[in-house]
Structure formats: structure tokens, C-alpha cells
Amino acid sequence: MSTDLYKNSWEYFLCQYAIPVCFANNPLSGLFILIGIFIDDPNAGFGALLCSFIAIMTALFLGQPDNIISAGLSSYSAVLVGTVTAALYPAFFNQPIQPIIWVYMAIATIFCVLVGLGLSVLFSQSNIPVFTLPFNITASILFLGLQARGFKIPVDIVNVPQEVVNSTVSNVDWGSVMYGCLLSAGQAYAVEGVTCSILTLIGILVCSPLLTISSFAGAVIANFTALALSSGPYDAIYAGVWGYNGFLATACILFFMVPTSRTTALAWANSMFATSIQASLIPVFKQNDLPIFTYPFCLASVLLLGLATSSIPGEQRVEMPTIP
Amino acid sequence: MSTDLYKNSWEYFLCQYAIPVCFANNPLSGLFILIGIFIDDPNAGFGALLCSFIAIMTALFLGQPDNIISAGLSSYSAVLVGTVTAALYPAFFNQPIQPIIWVYMAIATIFCVLVGLGLSVLFSQSNIPVFTLPFNITASILFLGLQARGFKIPVDIVNVPQEVVNSTVSNVDWGSVMYGCLLSAGQAYAVEGVTCSILTLIGILVCSPLLTISSFAGAVIANFTALALSSGPYDAIYAGVWGYNGFLATACILFFMVPTSRTTALAWANSMFATSIQASLIPVFKQNDLPIFTYPFCLASVLLLGLATSSIPGEQRVEMPTIP
Amino acid sequence: MSTDLYKNSWEYFLCQYAIPVCFANNPLSGLFILIGIFIDDPNAGFGALLCSFIAIMTALFLGQPDNIISAGLSSYSAVLVGTVTAALYPAFFNQPIQPIIWVYMAIATIFCVLVGLGLSVLFSQSNIPVFTLPFNITASILFLGLQARGFKIPVDIVNVPQEVVNSTVSNVDWGSVMYGCLLSAGQAYAVEGVTCSILTLIGILVCSPLLTISSFAGAVIANFTALALSSGPYDAIYAGVWGYNGFLATACILFFMVPTSRTTALAWANSMFATSIQASLIPVFKQNDLPIFTYPFCLASVLLLGLATSSIPGEQRVEMPTIP
């Protein structure tokens, strides 16, 4: 029994890396993705390990039942706190990550677990999962708090002459757009890299080839929506930054609903909707120098999964998705 | 039976124009209002027709039961997306409405229906209607998204010398204030015009003379609240922009509650409350160049209708308001 | 019976001053605190009396049952509208409080009661109290509305040379930090004064010595969190402005939960969490010149009390906390 628990712990430990993005409760998927993160961004990989360890400790301290822990409920948002903070910190604070930041991340992870449990209680009545909202809330507080603490080094924005930029754009490089669709998978962890993206896609492939194809198509739809809702230069689209919310939004609907042609259409609509929300919220978040995280995915999916579950006659929610 | 359905479709088609403002499920009301909108702002009228057509198609595609469609549940917010976007676009984007904008509006309408169904599920537990929240959410995303796409032409604000303006004001023209109260009815569709306003009031009169008088009194109360919470010049008050949230807020309480002297007092309090929220949120929304839409009406009414339903002993909610 | 009611009215009248901060339903606590507020800030004391009177009248007009009134449900947020507006108005509007402001406060109090009842209905399903959210919502609308009305006198910010300030700080005066912990108790009413703080602590001591010690420790934890999340100069910490949310957050958990070592740990975590939220939201609120009020306390406590109630096995919610 102890061996069994030991084995289960390892399985769980790996699962939580796959859940936030792949909606896959499979240790092999988790292993692929964790390796991918480590290859493309070692800091993000270290963040994932650190924060998932803290999250498990917190859940044990709170006396959470083992089966909840092993379903990853308490810590899959924590993994994102680790990878996203480690990956985005240099760009948003204009300096490399310092040792003290890991301490802040560890403390934020404890609260991420608490927020996740609290939100689950509030959401439980509507039968809607909390998605990655605990991560979004915690990461927002962490980023704004670090700004208030004075970690952000101000940079003169002289090197972005807006008008010149506007005149030279308008040409869309379609090859780069498709490359951006591929990068979307890794960007769900805020990691920009082709290895991480391919290993993430392989991780989902292990669970469900259909989910992999549909989600990739969701990322493509997201990027086309982004082209329709933004103006050049399209560097962010080429980097996959505009695809990950649509990628997640598609995977989420098809994970929770029995896949039919109508739910697939709804999943792709969710991708468009999430990307539209992303386009509209980015300037609002920029006023506080905050990245958009996965808020667009969460907002769109709360509404459309609620709709899908209760309002569409003839469609069915998957009985026991076990996660997340 | 087919003739019946055909007749019902027309009735429904007209009803949805009356519901978002009049809370009237009456085709004649809808006809009056649609004519009023077309006379004062043909673009807004075309937007109403376009978006209601798209909304019905979306609802049919989703397999919504006929009676829900014919109760207007799925599309009365869509009508507002059409009229408000068409009416406000020129002022907020500093250019006339282009053909491509109609395409964006049509796509936004699809999401408006989805958001409306999703929100209904989330709100159903509290027995609170979604009011025009689907419209508010969709229109916010649409306006912010169109800004991000670069449709907004920046204008030098040289022609509004703030200090000169402040020195010449302070005189309230009471005739214009009363005229503004009348215009409030049309401003609920973002249409500024006396014909549309009078036809809207006639549309409600057809259903309930009492509701008409109370709601007009609600607009008067809203405008006096606005005088107390804003500083001159009062052009916006004269144009009815400060009255429509109070107009809607009053009509909404008296539509859902059995009218008594106490619920009428509450309805007028709701008008004051909605207008106060409008005064406080306008500067917040202006930071993102966003109109206030009917958020103040929705926020005030969610709280006060919740209160009216459950907490006041001796008052009663109308049994079956059928809409909205 | 009439004497009994008379006596009960007085008890209730005093209780409501103690409830919003002490979570103490004890007239003696209320008396201590009201005296403390009057000594340190007579305007805030007058605001407390005015707004609680208006709140009781509103509740009676609405026909609220006596036992709800006497449990303070309808008016403890109103007390805060009175004290906080009166105390913060001079600093946020750069002028002394004018007679007309009392009229605005009185009207805001009516809406505070309505908002409180409405929110209670919405929150009742989750078995989560509304805390001081009615106060936060009402005070936000009041402050933003008064700004829109033109009461705010703009001040040149010449006298805060940012860079000079940044260079001279970094030394923490630990004595002042501890003094700030003491001042936190009074700052829950936005009153900065040692008399008010000591009388508030005595007021809680009358009810529960354990709650007093734990809550004071919560304020200490909050101030240490603030040191970790802000950069000097630390004047606001010395003034108790960073401690009151943690003070309230700790008291709240220990009031609603049966105190154990684990709930005490959770209460202190709630203090850290509330203070982190305060650090992150202050710059966001500052964009609209809005004080943070007790939003951080409310947000943190909604999540962590929800968690504490439902998710932690072996812990128990207090059966009948009667308030708030």
C-alpha cells in the first residue's frame, strides 16, 4: 500500500503539469510537458517544480483528502504561478529574476492553493469548474505587489516610435502566423519555444488525438481572430501570444462536453470569444502594466461552458472528467 | 399551425424591439419603437434589424426551444448591440460607420446570444434576470476590440478648453432639463431624437399607462440626481444621456414587482441609485474611452430587485412576467 | 414590553458601532468605540451617529423585522460610511468638510442599507456574510460621485519630489511600526488616533480576550507583510493604514470559526493575504483617486472563509454568530 501511495504520488506529481493546459490526467503527458518547459526555459521549469512542491505541502497541511490532492485539484494553478512568473518576470520588470523573487513565488503559491479551494466552494453551486482563475488572481496580486515593492525598473519607451511602426506594417507573414499557432501550446505556460510546444502537443496526443487536432485548430482560429482585431506589427501573433487563450478555450469545452459537431463548433466559438476578450482587455490591463494571463480563457469558458451544460438540448456533459 | 407559427414569428420579431427598454412583450409596442428608431437614426434602425436577424439564426442553430425564442430571451440584448453600436460609433471613433463595422456587429451579436444564455444559467439560482448585461458585456468587448484594431481616429482635444467651459456654466436651463427627460426614452437605444422618444413612450402606453407615467417620473428623478452629481455645462443632461438609466431602472422594478406605493418608492430609489452609479463610473470608463452603456441600470437593478424580491415583507414579485 | 423595546433599541444602537470592526454584538463595546471615535475625530463621530440614525429609519421604512434591525444587519456598514467619509474627505478632496457633504452622506446611507439587503440575498446561497461590502460599494460611488460633482480641489504635486524621497528611505523605525500596529484598530474606522485604537481594543476585550490578542497579532503580521511589499518611506505603515485590513481579516475568521490552532493559522494567513491584496490594489484605485476602503479585507475573507467553512475537514463554523 505504501508502494502504491508512493507510485501514486509520482503519478500525481507529473499529472499536475499536464492538467492546466492539456486537461489531461496522465503522468506521461505531464512528463513530456515538464521536459519541454525545462528545455526551453529552465527558470520556468524550476518554478514549476518549486510551486508544485509548495502546493502539495500546503494541501497536506490543510488536511486535504489524498484523492483530491492526487486529482491535482489543489495545485495545477500553482504550476502556472511558477512557470508564468518565472517566464514573464524578466520582460515585465526589465531585469533578470533575483533569488528573493522565488521566495515571493513560494508564498504566492500557498495563497494560490487557498484561493483555489475558496473559489471551488463558491463555484460549486453552479457546477462550473474554477479553471485557472486561482492562478490568475494570485499572479495578478503577485505582479502588482512586486511593482509596489519597487522591483520594476522603469524603461524609457523612446525606442518604440508609434507612427513609424504604423506605416511599415500591414503585411501579414502567413508562415509566421502558422508558426505562431504551433507556439501557442507552449505559451499556455508563458514559455515561448518550439520544443515545449511540440512536447505539449505530444502530451495531449497521448491522451486524445481528437482533442489535439481540435485544440490546434482552436489556436489557428484564435490567431485569425487576432489578425482581425489587432493592427500590425504582428510580432505577438508570430510568437504565439495570441493563440494560447483560444487553444485552452477549445480544449476546455471538448474536455468537459461529449464531443459532437455542435460542441466542436461551440469550442471554436469559445476560442474566438476568448481571443476577442483578450483583444479588448489588453489595453485595460496595460494601464497597470499587467500581463493578461489566462483571464480571457477563464471568462469566456465560464460563460460558454455554463451555456453548454444547461441550455443546449441534446448535448451532454462528460460524466466524470475527474479533473480539473 | 404553420400560419400560426408564421404569425407568431412576426409578433416575436417585433416584440424584441420593445423588450429591452419597455419591458413590454407586445408586438404593437415593438412596431412603434422600431419606426421611431428608423425615423431618428436610420443606421440604428438597420442595426436593430440586422442584429435581431442574426440573433434568431443563432438561437435556431443552437436548437433553442421555440417558446424561449418567441419570448425574446435570446435576442433582446442583440437589438441593443445593433442600435447602440450604430448610434455611438461615429462619436466614439470620430468617423462615419464603415461597411466592415456591420460585419463586426454581426459577429458580436452571435456572442451576445451565447453570453446571454450562459449568464442566464449562472443567474438562474438567484432568480434574478440578466437584464441587459449580455449587451453590456458584448458591446464593451466590441468597442475595445475595434479600438485595438485601430478604427479610432485620434482627435486633438484643443477645442475643449476646460477652464473657459467651467467659468461660463452653472446656469441650469430648466426647460432643457425637462426636454432631456423626454429624450431619455430614446436614449435607452442610444438614439437622440424626440420622435423615437415619443414613439417609445407610446409603445409602453399601449401596455400599461401606469408604467409609462412612473417610468417618465423615474427619468425626471434621474435628471435631478444628475444635476446634483455633475457640474456644468449640462449639455449631456439636456440630451437625455443622464436619464435613460433611471428610466430603465424604474420600469424594471415596476415590471417585476406588483406595484404598490412602497415598490414605486423603491423603483424611484433605483433610478437615483443607477444615476449615482453612472456619475461615479463615467470617469472610470472614460479611461478606456468606453461609453457607460446600461451598466448602471444593470448593477443597481441586480441589487435592488434582489432586495425587493426576498427581503421586503408584504411585497410580491409578479408571477409570470414572461419577459425578459 | 415597551420598556424592553426601548432598552433593546439602545443596546442595538450601541452595538452597531462595535460590529463592523470588533465583530462584537455587545453594547458596552459599542459605547467604548463610539467614545473613542468622538475623542480622536469628532467629525467621524458625528458621521457615525448621523448615518446610523438614517440607517435605522430606512430599515423601519422598509418594514424590516425588528430582530434583523437589532442584530445590526442593516446598518453596521452605514456606520462606516459615516466615519470613513468624514475622516477621509479632507485628505482626499483637499478641503474641510462642508455642510452639503453631510446631506450626500445621508443619502448614500439609504442606498448602503438597500445594497446591504440586496447583497445579502445574493450571498445567502453560499452561506457567506456580506462583510463590509455594502460600505465599500456605497463609499466608492459616493467618493467618485463627489469628484464628478467637482468637490475635489486639485493640488499641484510639486511638493512630492519622487526621486529625493526614494533616496532617503530604507531605514525602518521598528518602534513606529509597532505603534502603527496599535493604530490599526482605529484605522478600521479611518480614524487615526491612539485613544480610539485603545478603546476599540478594550471594546473587543470585553467580549473575548482571545480575539483581542489574535487580532492584534493579525495587525502585526499585516504590517510585516506591508514592509515586504512596499518601499519606503513607511509613513503609511507608521500611521496604521496598512494594518487595519489584516486586523479585520484575522478577527473575521476567528469570529466565524471555532478557534483551533489551524483556524488561527488560517486567520493569520488571511491577514497576509488581505495585506497583499491591499498592496496590489492601491495603485489601481489611485488611478481614480479612490481610497482602498476595506475591499482587501472583504475579498480575502470571502475566499478564505468559504474555504474554511467547507473544505477543511475537522474544522467547524460557529453555530450562531448572530452577527454580522
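This is a predicted model: local features need pLDDT of at least 70, side-chain atom pairs count only at pLDDT 80 or more; totals for chains, interfaces and linings use all residues.
Residues are numbered from 1 along each chain as its sequence is written, chains are lettered from A and ligands numbered from 1 in the order in which they are written, and side-chain values use heavy atoms, with hydrogens and water left out.

**View 1. Helix H5 of chain A, residues 76–93, has a kink at A:Ala87.** Helices are DSSP runs of H or I with at least four residues, numbered from the N terminus. The 18 residues of H5(A) reach 25 Å from first C-alpha to last, close to the 26 Å expected, where the expected span is 1.5 Å times one less than the number of residues. The kink at A:Ala87 is about 30° and lies shortly before the proline A:Pro90; such a bend is the angle between axes fitted to the seven residues ending at a residue and the seven starting there. Of the 18 residues of H5(A), 15 are buried, and the helix is followed by A:Asn94, whose phi is positive, near 60°. Buried means under 20% relative accessible area, exposed over 50%, and partly exposed in between, with a 1.4 Å probe and protein chains only.

**View 2. Helix H7 of chain B covers residues 133–149.** Its 17 residues should span 24 Å at 1.5 Å a residue, and the end C-alpha atoms of H7(B) are 24 Å apart, which agrees. H7(B) is mostly covered, with 14 of its 17 residues buried, and after H7(B) comes B:Gly150, whose phi is positive, near 95°.

**View 3. Helix H9 of chain B, residues 174–187, holds B:Tyr179.** Is B:Tyr179 buried or partly exposed? B:Tyr179 counts as partly exposed because its relative accessibility is 42%.

**View 4. The chains are related by turns about an axis.** Chain B can be laid on chain A by a turn of 120° and a shift of 0.0 Å along the axis, with an RMSD of 0.0 Å; copies are superposed by least squares on the C-alpha atoms of residues with pLDDT of at least 70 in both. In chain B, the C-alpha nearest the axis belongs to B:Gln125, 4.9 Å from it. Chain C can likewise be laid on chain B by a turn of 120° and a shift of 0.0 Å along the axis, with an RMSD of 0.0 Å. That is the relation of a three-fold axis. Of the residues of chain C, C:Gln125 comes closest to the rotation axis, at 4.9 Å (C-alpha).

Methods. Helices (H or I, at least four residues) and strands (E, at least two) are DSSP runs, numbered from the N terminus.
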